[in-house]
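Colleague: Hi! Could you walk me through this one? I'm new to reading models.

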Amino acid sequence: MSKQLDMFKTNLEEFASKHKQEIRKNPQFRLQFQDMCATIGVDPLASGKGFWSEMLGVGDFYYELGVQIIEVCLALKHRNGGLITLEELHQQVLKGRGKFAQDVSQDDLIRAIKKLKALGTGFSIIPVGGTYLVQSVPAELNMDHTVVLQLAEKNGYVTVSEIKASLKWETERARQVLEHLLKEGLAWLDLQAPGEAHYWLPALFTDLYSQEITAEEAREALP
Amino acid sequence: MDRFVWTNGLLEINETLVIQQRGVRIYDGEEKIKFDAGVLLLSTHRLIWRDHKNHECCIGIPLSQIVFIEEQAAGIGKSAKIVIHLHPASSNKEPGPFQSSKSSYIKLSFKEHGQIEFYRRLSEEMTHRRWENMPVSQVMQRKSGQEPGRIRAVGIVGIERKLEEKRKETDKNISEAFEDLSKLMVKAKEMVELSKSIANKIKDKQGDITEDETIRFKSYLLSMGIANPVTRETHGSGTHYHMQLAKQLAGILQVPLEERGGIMSLTEVYCLVNRARGMELLSPEDLVNACKMLEALKLPLRLRIFDSGVMVIELQSHNEEEMLASALETVSEKGSLTSEEFAKLVGMSVLLAKERLLLAEKMGHLCRDDSVEGLRFYPNLFMTQS
């Protein structure tokens, strides 16, 4: 097999010399590349020592992105409990990378996050409405919790009546889910809202505070 | 810039919004003009720009005016841009901000990022040309196509031709790249098939294949990025590379671990190590595989996995018994503590603080009080006071 391997390595080197820049600069091309690798059963990001990483430089791009994602999530955890929309994560990461760095797409973020799962600390991706929520703490979220999060996406908050009306649950089931989200720090309780108590999801407040955190703060948040 | 018209910015029937982006500045050719901060909207029919501060100031241009578009990457002190080359304005155009313009192109500067996605969507709209199929009631610019007998200034024709050639060249490069990529993938697939057949042979004739050959095979798999569950079961995922890495880690992490009470989560280690390396970074899997070998190599660190799945690296000398005893003392002193409070007192991350308190609870030293206000731990008086 080593002969085949050497031949492949040469082919890859040739490809890299012509198109390495393309991969670095063009997210569309990166996406195509990743999809094709997945189809044939190859993971170009499995190891920094792999050919793909060494010759095309894809590895460093994604592993560094992984570090930046971790830093952003840590910096904002005290506010949103470890749950953040993909959009906001995208904005914060772009900000942290500064003007000289290559642009990253949301697809790039998702791939980097999938790799981070190997580290065991609870990174997961939850589909909500038209987008995704990224969870960075090992809080237990089952189907009930996820469905309520999706419901909350419209207004940034949710109430017991809303849950009962849309999902047709009994009061007790709705209350339990909301209490769990409160306990995990993912929801805030608003008892002063008109009518009944509102449960707000800070993770879903996008425009309100997406400007506030600086790269400095993000780095300092790492213990 | 003389192609733009004043507009109220409202979309017509049949016209849909595709994407919008804040923080966009418009340049007339290379010149800065007064349209320096606004929201840029792309619809199926037009590009619309509205001033941030003065919402009345709103201009638009039909997509049919666009010859082609280019990306300009960000540079030092410069935002990423999209360059839009335009057909000349038609004579019956509605009034706009500029009567005449030196340049036949404009630039859009994305001061708050978003250039990539916007460019992608704009390219899509230019490819699909949806405005041709969905007429809108507003007077649209006449589509300037390849109409023979059209009177054009000679200079513009020359420029347009050059730009067209350049675009074809770029297109050619992209399609060449994709072609090369496809060819490469075919070869990669062959490698995958080959590795599968070898892996099966290893599974079947365990005795015939030497240890050496298996190790070599595993490093081939690593290079190609092929995961093979068969060999992983019998021989683990580690390779010589990971062994070396494990030894390196032991060296790098000794001091940071001592500074952090002898224990760090794998996420912290990942960030620390990669930030220090700067280049040739480790993948998360590389790190995990290396850490799995620490104990076997008798290095002074070890990998530990808590019940919750959280993974940490700790010094061998780290004695969890002592830690638990001191945790109990700390909690008793304060009466009760949450993970956050404990973390602050002791100077460790909240995640690890929680794990320690949970472990203390498991050992019977602490009791929990689980309420909406959070999880709080108390000394377990049921055990100590009978």
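Modeller: Happy to! One term to start with: contact means heavy atoms within 4.5 Å. Also keep in mind that this is a predicted model.

Colleague: Got it. So which residues of H5(A) meet H6(A)?

Modeller: From H5(A) you have A:Leu86, A:Glu87, A:Leu89, A:His90 and A:Val93, and they meet A:Gln106, A:Leu109, A:Ile110 and A:Ile113 in H6(A). Sorted by class, the residues of this contact are six nonpolar, two polar and one charged.

Colleague: And at what angle do the axes of H5(A) and H6(A) cross?

Modeller: They cross at roughly 95 degrees and come within 10 Å of each other. Angles of 65 to 115 degrees count as roughly perpendicular, so H5(A) and H6(A) are roughly perpendicular to each other.

Colleague: Nice. What about H2(A) and H6(A), how do they pack?

Modeller: Their axes are 9 Å apart, at an angle of about 40 degrees. That angle makes H2(A) oblique to H6(A). On the H2(A) side, A:Pro27, A:Arg30, A:Leu31, A:Gln34 and A:Asp35 take part, and they meet A:Asp107, A:Asp108 and A:Arg111 in H6(A).

Colleague: How many of the residues in that contact of H2(A) with H6(A) are charged?

Modeller: Five are charged, with two nonpolar and one polar.

Colleague: Which side chain does A:Asp108 meet in a salt bridge?

Modeller: That would be A:Arg30, with N to O at 2.5 Å. A:Asp108 sits in helix H6 of chain A and A:Arg30 in helix H2 of chain A, so the pair ties together parts that are 78 residues apart in sequence. As background, side chains of opposite charge can pair when their charged atoms come close.

Colleague: How many salt bridges are there over all chains?

Modeller: The structure holds 25 of them over all chains.

Colleague: Changing topic: how many salt bridges are found across the interface of chain A and chain B?

Modeller: Four. One salt bridge joins the side chains of A:Glu71 and B:Arg275, at 2.9 Å from N to O. Between chain A and chain B there are also 14 residue pairs in polar contact, counting pairs with both residues at pLDDT 80 or more.

Colleague: Which helix gives the largest share of the side of chain A that touches chain B?

Modeller: H1(A), with ten residues. By class, that side of chain A has 28 nonpolar, 16 polar and 13 charged residues.

Colleague: Last one: how many residues does the contact take from chain A and from chain B?

Modeller: It takes 57 residues from chain A and 60 residues from chain B. Chain A and chain B bury about 5,500 Å² between them, with 70% of it on carbon and sulfur atoms.

Key:
Residues are numbered from 1 along each chain as its sequence is written. Chains are lettered from A and ligands numbered from 1 in the order in which they are written. Side-chain values use heavy atoms; hydrogens and water are left out. Buried area is the accessible area (1.4 Å probe) that two parts lose on being put together, summed over both. A polar contact is a pair of N or O atoms within 3.5 Å; within protein, one must be able to donate a hydrogen and the other to accept it, and residues adjacent in sequence count only if both atoms are side-chain atoms. Helices (H or I, at least four residues) and strands (E, at least two) are DSSP runs, numbered from the N terminus. Ala, Val, Leu, Ile, Met, Phe, Trp, Tyr, Cys and Pro count as nonpolar, Asp, Glu, Lys and Arg as charged, and the others, Gly among them, as polar. Axes are lines fitted to C-alpha atoms, for helices over the stretch in contact, and angles run from 0 to 180 degrees between N-to-C directions. Angles under 35 degrees count as roughly parallel, over 145 as roughly antiparallel, 65 to 115 as roughly perpendicular and the rest as oblique.
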